[in-house]
Amino acid sequence: MAIAGDQPRLPCGRLVDDVWDRIDAPPTAHEQSCEFCTEARGRLARLAEATAELRLNDDQDPAMQIGVGVKSAIMQIARTEIRRSRILPLERPAHHEVEASLAISEQAVTAVIRAAADTVPGLRARRCTVDLDTSRTMETAPNAPPEPAVVIVELRVAVAVHVSILEAVAACRARIEERMSRRTGLIISAINITVEDLYDD
Amino acid sequence: MTDSARVRPVESPSQAGDPPVDDLPKEDLAAATGRAILQTAGVAAIEPSLAQAFHQMQRTAQRLLNSAAPAESVADGVRLSEHDGRVDVTVEIAVSGDRSALAVARSVRDNVSVTIADTGLHPGRIAVSVLRLDELDD
């Protein structure tokens, strides 16, 4: 099964490309109330300013018209900037540690979770967030190698009307655990799944 | 090259009596570090910072107009700094393949430490962030 698309989503479920498409317009009601969209708009606004300046310079030089390759590169930069927006530690932080030396983008982690959930027949992943389980601080000896970080997963899903919700959620939880361990190395202490909608294909 | 563009090797106690090692150009160390990162199993790419990405686009445009424009460097995206006599490294990477992000990040940290130590310098804080996990056919 190929995981669909390289289109990063914010934890609220919106595509970064959709936020970028509306960057010149006033924020929607959702964007005004959503912390993730607000942060993404702020970061993308800086990028929009820089690209506007680039366009202005290029407009004055016929040999420097923006081509498809440049537009693609700008979108790649935008996606990378969003990936930098929230970073989780990969190793369990020690008490004295202010900043983790090994880390992973929350966006990369939620992409793994969504892809795992979407493999369950009759279940569609929606909003997903991942938080560090701060109750699991490292209690090993000072010189012992750090253990993987422990996280809590919150996932909202929609389930098809003909599917057993309990079975679908159990399958979803199992696939998330397996995929997260294999692809990220993180330990999950809890997967909280909320069925917020039913759909009928 | 200016002094600010060099990383000064630091003598360890065991080397105190040895002749001093020549200063290394920072660009050379960054390039060696970049190669070590890219050769680590599971590393798909080094992610450039916003400023570096624009610099890359600028170079691409220059190459279209002028074939003598500088090529991309393996050091792009590798940030080095000297702190208390140690070399700190910050890098953001994309990961692909069967190894976990944690395993790849640990290997990158180990390889970077060895690369720096091989030059006679002392590795400091090696910060590795995985920004992207490439798709897999599961």
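1. A residue counts as buried if 20 or more other C-beta atoms lie within 10 Å of its own, as exposed if 12 or fewer do, and as partly exposed in between, with C-beta atoms placed from the backbone. By that rule, the buried residues of H6(A) are Ala168(A), Val169(A), Cys172(A), Arg173(A), Ile176(A), Met180(A) and Arg183(A). They line one face of the helix, because they fall within an arc of 135 degrees seen down the axis of H6(A). The arc is taken over the directions from the helix axis to the C-beta atoms.

2. Residues are numbered from 1 along each chain as its sequence is written, while chains are lettered from A and ligands numbered from 1 in the order in which they are written.

3. More on H6(A). Helices (H or I, at least four residues) and strands (E, at least two) are DSSP runs, numbered from the N terminus. H6(A) covers residues 165-183. Its 19 residues reach 26 Å from first C-alpha to last, close to the expected 27 Å. The expected span is 1.5 Å times one less than the number of residues. On the other side of H6(A), Leu166(A) and Glu178(A) are exposed. Just after the helix, Gly185(A) has a positive phi of about 85 degrees.

4. What covers the buried residues of H6(A)? Both chains contribute: the cover includes H5 (106-117), S3 (123-132), S4 (150-160) and S5 (187-199) of chain A, together with H3 (101-118) and S6 (123-133) of chain B.

5. H5(A). Twelve of its twelve residues are buried. Among them are Glu106(A), Gln107(A) and Arg114(A).

6. Cores. A nonpolar core is a set of buried Ala, Val, Leu, Ile, Met, Phe, Trp, Tyr and Cys residues joined through C-beta atoms within 7 Å. The largest has 58 residues, of which Leu90(A), Ile113(A), Ala117(A) and Ile93(B) touch the most other members. H5(A) supplies the largest share of this core, eight residues. A second, separate core of twelve residues includes Phe36(A) and Ile74(A).

7. Confidence. The model scores ipTM 0.74 and pTM 0.70. pLDDT is the predictor's confidence in each residue, from 0 to 100. Chain B has a mean pLDDT of 76, with 62% of its residues at 70 or more. In chain B, confidence is lowest in S1(B), residues 6-7, at a mean of 56, and highest in H3(B), at 96. Over residues 9-22 of chain B, pLDDT stays under 50. Where pLDDT is low, the predicted coordinates should not be read in detail.

Notes: This is a predicted model: local features need pLDDT of at least 70, side-chain atom pairs count only at pLDDT 80 or more; totals for chains, interfaces and linings use all residues. Two residues are in contact if their C-beta atoms, placed from the backbone, lie within 7 Å.
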